[in-house]
Amino acid sequence: ERERAIIQTQVEQVYATFVARVAKGRNLSEAVVDSMGQGRVWSGKDALKLGLVDLLGGMDKAIETAANLAHLSTHRIVNLPEQKEFIEQLKEDLNTQMQLEKAIKANFGEHFEVFKAYMKWKDLKGVQARMPFEMKID
């Protein structure tokens, strides 16, 4: 219950900060903003009708609007780094991990399992109780 109360307090603090910032940015009272919120999620069209957003659009529209507000005559967009699809990135990471393990295994030879055990245990903190053997199930 104590942890639940702490989390609830933090949620309420975040919500209060959000309401205050929306109210200030929209020139509305916090009571009006709070009455619109209360855990609801508005569609873009409804948010526009309620005055919670100025216009609808994606990232390109937001950048264009920001450039206009900054009175920029030209601007460019560069997306770095180029993002890979999640599955492709996962495959690449796993492949790299397997290649690294093969290289280490080649260097450590028969002592590779001891090295793996050391790497697993070296950063453990506090009191540990260990068996005098390591179980491995393949």
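Visitor: With which residue does K91 form a salt bridge?
Guide: In this predicted model, the closest N and O atoms of the K91 pair are 3.9 Å apart. That separation counts because a salt bridge requires the side-chain nitrogen to lie within 4 Å of the carboxyl oxygen. The partner of K91 is E88.

Visitor: In which helix do K91 and E88 lie, and how many residues apart are they?
Guide: The two residues are separated by about one turn of the helix. Both belong to helix α5, residues 86-108, and they stand 3 residues apart.

Visitor: Is E88 exposed or partly exposed?
Guide: The relative accessibility of E88 is 44%. Exposed means over 50% and buried means under 20%, with partly exposed in between. E88 is therefore partly exposed.

Visitor: What is the distance between the closest N and O atoms of R26 and D54?
Guide: R26 and D54 form a salt bridge. R26 lies in helix α1 and D54 in the loop between α3 and α4, so the pair ties together parts that are 28 residues apart in sequence. R26 is partly exposed at 26% relative accessibility, whereas D54 is exposed at 62%. The closest N and O atoms are separated by 2.7 Å.

Visitor: Which residue pairs with K122 in a salt bridge?
Guide: K122 has a relative accessible area of 38% and is partly exposed. The closest N and O atoms of its salt bridge are 3.2 Å apart. The partner is D123.

Visitor: How many salt bridges are found in the whole structure?
Guide: Side chains of opposite charge can pair when their charged atoms come close. Searching the whole structure for such salt bridges gives a total of 6.

How values were computed
Residues numbered from 1 in each chain as written. Predicted model: local features only at pLDDT ≥ 70, side-chain atom pairs only at ≥ 80, totals over all residues. Heavy atoms only, no water. Helix = DSSP H or I, 4+ residues; strand = E, 2+ residues; numbered from the N terminus. Buried < 20%, exposed > 50% of the residue type's maximum accessible area, 1.4 Å probe, protein only.
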